[in-house]
Amino acid sequence: MAMVNIRELRKVYEGGFEALKGVSLDIEEGEILALLGPNGAGKTTLISAVCGITLPTDGTITVGGNDVVKNFREARNLIGLVPQEINLEPFEKVLNSVRFSRGLFGKPRDDAFVEQVLRKLSLWDKRDAKVMELSGGMKRRVLIAKALSHEPRVLFLDEPTAGVDVELRRDMWETVQELKRDGVTIILTTHYIEEAEAIADRIGVINGGEILLVEEKEALLARMGQKELRVEITEALDAVPEALAQYDLKLADEGRTLIYTFDAKADRTGIGRLMAALPDAGLKVCDVNTVQSSLEDIFVGLVHGQEEGVA
């Protein structure tokens, strides 16, 4: 059975706004699922429903086999949540703040475990510092430490690296990978698509309260990713020559690069014919290279495709 099981989840707010429209999703134990979506897609509402912060209008959610409504306490004890907003007691010391969170879940005092968590997050040397004295990145680490204080088996990270510099972001990626190695199931929502590409096992895309897809990251890139052949030529062009019209080429770099998009898995890519046609069109080639479509390209295509379908 999946660690998190969501079936036909709907959430309708007062006024009739439907934030979630029959979402179904299984999240396996020990995996990292990145949930991508634009603002207002339903990411935070979905997390809030799983964590018991908001009640679903319809549908069921179980965490570790516990229904989040009928067996709220058992389900919530399995969950750690790192929210978007930094909401910490500014005058409290880091160590006491994390100890307090552990106590809220009825866990006995365990200074050795709290120390382990703080060391893992590079916070041990800041344990006696007041929260107000920390940088934004360090405060986010404190949020993660508090979320881990009661030893949850599922960790929700809602935009965990928003406002964090690149170096700290990469440190957090390493921390997430360590947690995965410890068997923690991690659900990550992010606007940084490179974050999902770097650390996720599976990618989910949500928009308009609906799940557009959930797929293994590598399989998604292989299935939907396209490659570009970029041909650099010696003399800039104002337009693609008529003789090359059949190849649907695009110009870039002020007319010095021809871009040809192709499916790398196709039996015939057309690259051979194109390269043979270039000299016949009077073009001299300086350099040739290929570029794989990124997860960002795929994400934008999915969301725009859905919006066009709705329109």
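Which residue in β8 is the bridge partner of Leu35? In this predicted model, the partner of Leu35 in β8 is Thr189, and the two strands concerned, β3 (residues 32-36) and β8 (residues 185-190), pair in the parallel sense over five bridges.

Both strands belong to an open sheet of six strands, whose order is β6-β7-β8-β3-β9-β10 and whose pairing is mixed. The edges of this sheet are formed by β6 (79-82) and β10 (210-216), each of which pairs on one side only. On average, and with direction ignored, neighbouring strands are turned by 15 degrees against each other.

Two helices are described against this sheet. Helix α1 (residues 43-50) lies across β3, β6, β7 (154-158), β8 and β9 (202-207), whereas α5 packs on the sheet by touching β6 and β7. The table gives their directions relative to one strand each.

| Helix | Strand | Angle |
|---|---|---|
| α1 | β7 | about 150 degrees |
| α5 | β6 | about 165 degrees |

Helix α5 (residues 136-148) also meets helix α6 (residues 166-181), and the axes of these helices come within 11 Å and cross at roughly 15 degrees. Because angles under 35 degrees count as roughly parallel, α5 and α6 are therefore described as roughly parallel to each other; their crossing is right-handed. On the side of α5 the contact is made by Gly137, Arg140, Arg141, Ile144 and Leu148, and on the side of α6 by Leu168, Asp171, Met172 and Leu179. The residues of this contact divide into five nonpolar, one polar and three charged.

How values were computed
Residues are numbered from 1 along each chain as its sequence is written. This is a predicted model: local features need pLDDT of at least 70, side-chain atom pairs count only at pLDDT 80 or more; totals for chains, interfaces and linings use all residues. Side-chain values use heavy atoms; hydrogens and water are left out. Axes are lines fitted to C-alpha atoms, for helices over the stretch in contact, and angles run from 0 to 180 degrees between N-to-C directions. Helices (H or I, at least four residues) and strands (E, at least two) are DSSP runs, numbered from the N terminus. Angles under 35 degrees count as roughly parallel, over 145 as roughly antiparallel, 65 to 115 as roughly perpendicular and the rest as oblique. A crossing is left-handed if the near helix is turned anticlockwise from the far one by less than a right angle, and right-handed if clockwise. Contact means heavy atoms within 4.5 Å. Ala, Val, Leu, Ile, Met, Phe, Trp, Tyr, Cys and Pro count as nonpolar, Asp, Glu, Lys and Arg as charged, and the others, Gly among them, as polar. Two strands pair if DSSP finds at least two bridges between them.
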